[in-house]
Structure formats: structure tokens, C-alpha cells
Amino acid sequence: MGLREVMLEELRDLYSAENQLVKALPKLAKAAQDEELQQSFSEHLEETTGQVERLKEVFSLLEEKPTGKHCKGMEGLIEEGKEAIDEEEEGEAYDIGLIGAAARVEHYEIAGYTAVIAMLKGLGLEEAAEPLVETLNEENEALEKLESKLQELIVASAESAVSEDAESEEADAVAAGKAGPAKNSRSGNKRREVSVRN
Ligand SMILES: [Fe+2]
Ligand SMILES: [Fe+2]
């Protein structure tokens, strides 16, 4: 198998991967609790639809067919994404699990596009590589967004944990008769309202 055949295999793998993602991303968007995260999954779904179109464009430039391969790697990643969706965590911890699954998908795509772009360039097929460079940029941006949301949610979840600890210490003190209920004590349902510092 020559370089062109290997490149085509990779390209078909990506075509299958992106098509699987068009079906999977709405589920992630629906599951996300954080509004911004929800929105970035929805935006990336739109980009993904465009990425499928770009791949079709590349296949037609190469006068080849896009079909004939099922990406098992993406199937596995999506399967793990479903496990994250089914987790019983709440709030930040739940969304952090979703981000973990989604970031794996982006890394997988980035690896695939990076390789196929290099192969196309190596074959002197610059024109076919161009649309895929745009896609690669979108994948990198999607990953960056996920990573910054991850950091934000980690800070928020640490703050939730601190306020939960403070509450339980206060409750212990009250139970032991050492102190009365403190002024301005947080109520249980306010626990999740943590502000995120920049
Ligand atoms: Fe993609
Ligand atoms: Fe992606």
C-alpha cells in the first residue's frame, strides 16, 4: 500500500468519525449543565457539519469516494462519552466528566487531520490539504475552549467543596453546643451558587 492509499484510508476514517460526531454531539449538548458548555457543543456541532462537507470536497478533488470505512476509534470514544452522560454526578463534576470525553475526541481528530494534511502535502496535493487546515484550526479552537471551561469548572468545584466543608464544620460546632448558628450562614440550597474568579 502506497502513501496515497494510506492517506485515503485516513481520510475515510475521518469522514466516518465526523459523521458519527454529527449524531453524538447533540447528546453532549443536551446533557451539559453549564450553559456556555452547552453552547460550545452546539457550535461545534455546526462546525462538524461543515467539516463533513469539506471532506466531501476533498474526496471530489481527489476523484475518490468518501465511504467504505468505519472509524472504530471514534466509536469507542463516543461510547465513553455515553458513559460520561450516564454518570450520576451533579453540577461541575458532571460537566467535567463530559469535557474529559469531549477533549479526547478533539485530540483524536487533531491527530488524524495533522497526519492526513502532512500526507497530502507530501504527495504534492496542497489544494486538497487547504480545507483540512481550516478544519484542523477549528478542532484546535474547540479543544482550547474545552480546556478553559475545564479550568473554570475545576475552580468552581473546589470552591463548592470549601463552602460545603465550612458548613459541615459549623453544623458540627452547633451540634456540640460550642456555638450558635453563625450570622449570614449559607443555606443548603445556596451551596452551588459559587462565583468564579478570573
Ligand atoms: Fe471534527
Ligand atoms: Fe472536533
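1. In this predicted model, Leu28 touches Phe41, Gly81, Leu98 and Ala102, leaving aside residues up to four places away in sequence.

2. The largest nonpolar core contains 39 residues. Leu28 is among those with the most contacts inside this core, together with Leu11, Leu14, Leu98, Ala102 and Val116. Two or more core residues come from each of helix 1 (3-31), helix 2 (35-61), helix 3 (72-86), helix 4 (91-122) and helix 5 (126-175).

3. How do helix 1 and helix 3 lie relative to each other? Their axes come within 10 Å and cross at roughly 5°. Angles under 35 degrees count as roughly parallel, and helix 1 and helix 3 are therefore roughly parallel to each other.

4. Helix 1 contributes Ser16, Ala17, Gln20, Leu21, Ala24, Lys27, Leu28 and Ala31 to this contact, while helix 3 contributes Met74, Glu75, Ile78, Gly81 and Ile85. Sorted by class, the contact of helix 1 with helix 3 has 8 nonpolar, 3 polar and 2 charged residues.

5. Is Gln39 buried, exposed or partly exposed? Gln39 has 13 other C-beta atoms within 10 Å and is therefore partly exposed, since a residue is buried at 20 or more such atoms and exposed at 12 or fewer. Gln39 and Ala29 are 10 residues apart along the chain, and their C-alpha atoms are separated by 7.1 Å.

Key:
Residues are numbered from 1 along each chain as its sequence is written. Chains are lettered from A and ligands numbered from 1 in the order in which they are written. This is a predicted model: local features need pLDDT of at least 70, side-chain atom pairs count only at pLDDT 80 or more; totals for chains, interfaces and linings use all residues. A nonpolar core is a set of buried Ala, Val, Leu, Ile, Met, Phe, Trp, Tyr and Cys residues joined through C-beta atoms within 7 Å. Helices (H or I, at least four residues) and strands (E, at least two) are DSSP runs, numbered from the N terminus. Two residues are in contact if their C-beta atoms, placed from the backbone, lie within 7 Å. Axes are lines fitted to C-alpha atoms, for helices over the stretch in contact, and angles run from 0 to 180 degrees between N-to-C directions. Angles under 35 degrees count as roughly parallel, over 145 as roughly antiparallel, 65 to 115 as roughly perpendicular and the rest as oblique. Ala, Val, Leu, Ile, Met, Phe, Trp, Tyr, Cys and Pro count as nonpolar, Asp, Glu, Lys and Arg as charged, and the others, Gly among them, as polar.
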